[in-house]
Amino acid sequence: MPDPTSRKEDIAVAAPVERIPTDPAEDKLEDGIALCLSGGGYRAMLFHLGSLWRLNQLGLLSKLERISSVSGGSITAGVLGLNWLRLGFVGGVAGEFESQVVAPVRKLASRSIDWTSIASGVLLPGSISDKVAGAYRKYLFGEATLQQLPDRPRFVINATNVQSKALWRFSKPYMRDWRVGEVKNPQVKLATAVAASSAFPPCLSPLKLKLEDGDYTPNSGADLQRPPFTTRVVLTDGGVYDNLGLETAWKRYRTILVSDGGGMYGAEAVPKRNWLSHLYRVSNLIDNQVRSLRKRQVIGSFDSGQRQGAYWSTWSDIAEYPLGDALPCPIEKTKKLAETPTRLKALEPRLQERLINWGYAVCDAAMRSYGGVKGAPPPEFPYDGGVG
């Protein structure tokens, strides 16, 4: 269930996602477990990696029915999905998790792809988002398409359609925007889908998909199934629409796990006044407020019994969980990890390990406090040195 730090005040229960005309009139929830992975650049990518590591040890990774992701979370989800059939599940636990998921994600985390993509996108033919997709192809996904994802669990990689103001979801059986329409069995490169999901505005955004009007299922869009909405799809970061990746999971499953790798934005006594720095600061403040609202709504739904599940974040205080044996994670150290910039910029190995350790530890605390998991904590972190 919730991050206990938010139980200190009454929370008005409201759904953290918006109902749209194509939704059923009433919720008909399935009993499966869905995992939502938020955005947050390499910080979130590594934090989620630690969370997945612990979920795997608990035997829960193999029980997931859906993994819904945005932005930095989609990088980790994409690697997990592409290598799912090579994870070597035995007794519900993936024996090859470290080699097939941890190793490639950490390899990417040692390379900067945002500023190099910006530079090459400005100086060379092709857009900046094309360069980001190229980096993902080179270092993670090769020429794999959405059709290389497994049938179960369903991986849903979310982007935002700038034209329709709606969510654009990529998955193996279809990609769609409820207003524009549905394309079945899409052959889109996995690297392209992840690049669209992580196209942080303004620098890495937008990504343009070129499609044919005939690619769409007839009459599958509500009101925008016509060119150029169907033929030149303009996408930006999935976190612009849904910064926790909740939309495609919340409306279907009764049990929701939310790993929030969003950053912590502290006070600034002397904010920078140039327009680019000011825009970046204001965008972060907007993101922080929207994320906080969704968090309160998620937790309110858990408290009211509308949903079951657990929530954890980079800025949780592990001491607030009702456990006497959580892994040691002093708030002054985890706060610094939460302040890691939201970038696709190389992180030194020790910082990578601390972020993974933090995701691992707080996931463990959340699952043993509210996720129905019983027992003692793991004897140690994945890496020596804890969170600092």
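These questions and answers concern a predicted model of one protein chain. In this predicted model, local features need pLDDT of at least 70 and side-chain atom pairs count only at pLDDT 80 or more, while totals for chains, interfaces and linings use all residues. Residues are numbered from 1 along each chain as its sequence is written, and side-chain values use heavy atoms, with hydrogens and water left out.

Q: How many helices and strands does the protein chain have?
A: Helices (H or I, at least four residues) and strands (E, at least two) are DSSP runs, numbered from the N terminus. On that basis the protein chain has 10 helices and 12 strands.

Q: What radius of gyration does the protein chain have, and what does the globule rule give for 388 residues?
A: The radius is taken over C-alpha atoms, and the globule rule is 2.2 Å times the number of residues to the power 0.38. The two values are close, so the chain is as compact as a globular protein of that length.

Q: What percentage of the contacts in the protein chain with a separation of 6 or more comes from residues 24 or more positions apart?
A: A contact means heavy atoms within 4.5 Å. Among contacts with a separation of 6 or more, the share from residues 24 or more positions apart is 76%.

Q: Where does H3 bend?
A: The bend at a residue is the angle between axes fitted to the seven residues ending there and the seven starting there. In H3 this angle is about 25°, and Pro104 follows within four residues of the bend. The bend is at Ala103.

Q: Which elements are included in what covers the buried residues of H3?
A: Buried means under 20% relative accessible area, exposed over 50% and partly exposed in between (1.4 Å probe, protein chains only). The buried residues of H3 are Phe97, Val101, Val102, Val105, Arg106, Leu108 and Ala109. Their cover includes helix H1 (41-57), helix H2 (72-82), strand S4 (93-94), helix H5 (128-141) and helix H10 (349-370).

Q: Why do the buried residues of H4 line one face of the helix?
A: In H4 (residues 114-123), Asp114, Ser117, Ser120 and Gly121 are buried. The arc is that of the directions from the helix axis to the C-beta atoms. Because these buried residues fall within a limited arc seen down the axis of H4, they line one face; that arc is 135°.

Q: Which helix do the buried residues of H4 pack against?
A: Trp115, Val122 and Leu123 are exposed on the other side of H4. The buried residues pack against H5.

Q: Is Asp260 buried or exposed?
A: Asp260 lies in strand S11 (residues 253-260). Its relative accessible area is 0%, so Asp260 is buried.

Q: Which residue does a cis peptide bond join to Pro206?
A: Most peptide bonds are trans. Pro206 is in the loop between helix H6 (190-197) and strand S9 (207-210). With omega about 0°, the cis bond joins Pro206 to Ser205.

Q: What phi does Lys165 have?
A: Lys165 is in the loop between S5 and strand S6 (166-170). Its relative accessible area is 66%, so Lys165 is exposed. Although Lys165 is not a glycine, its phi is positive, about 65°.
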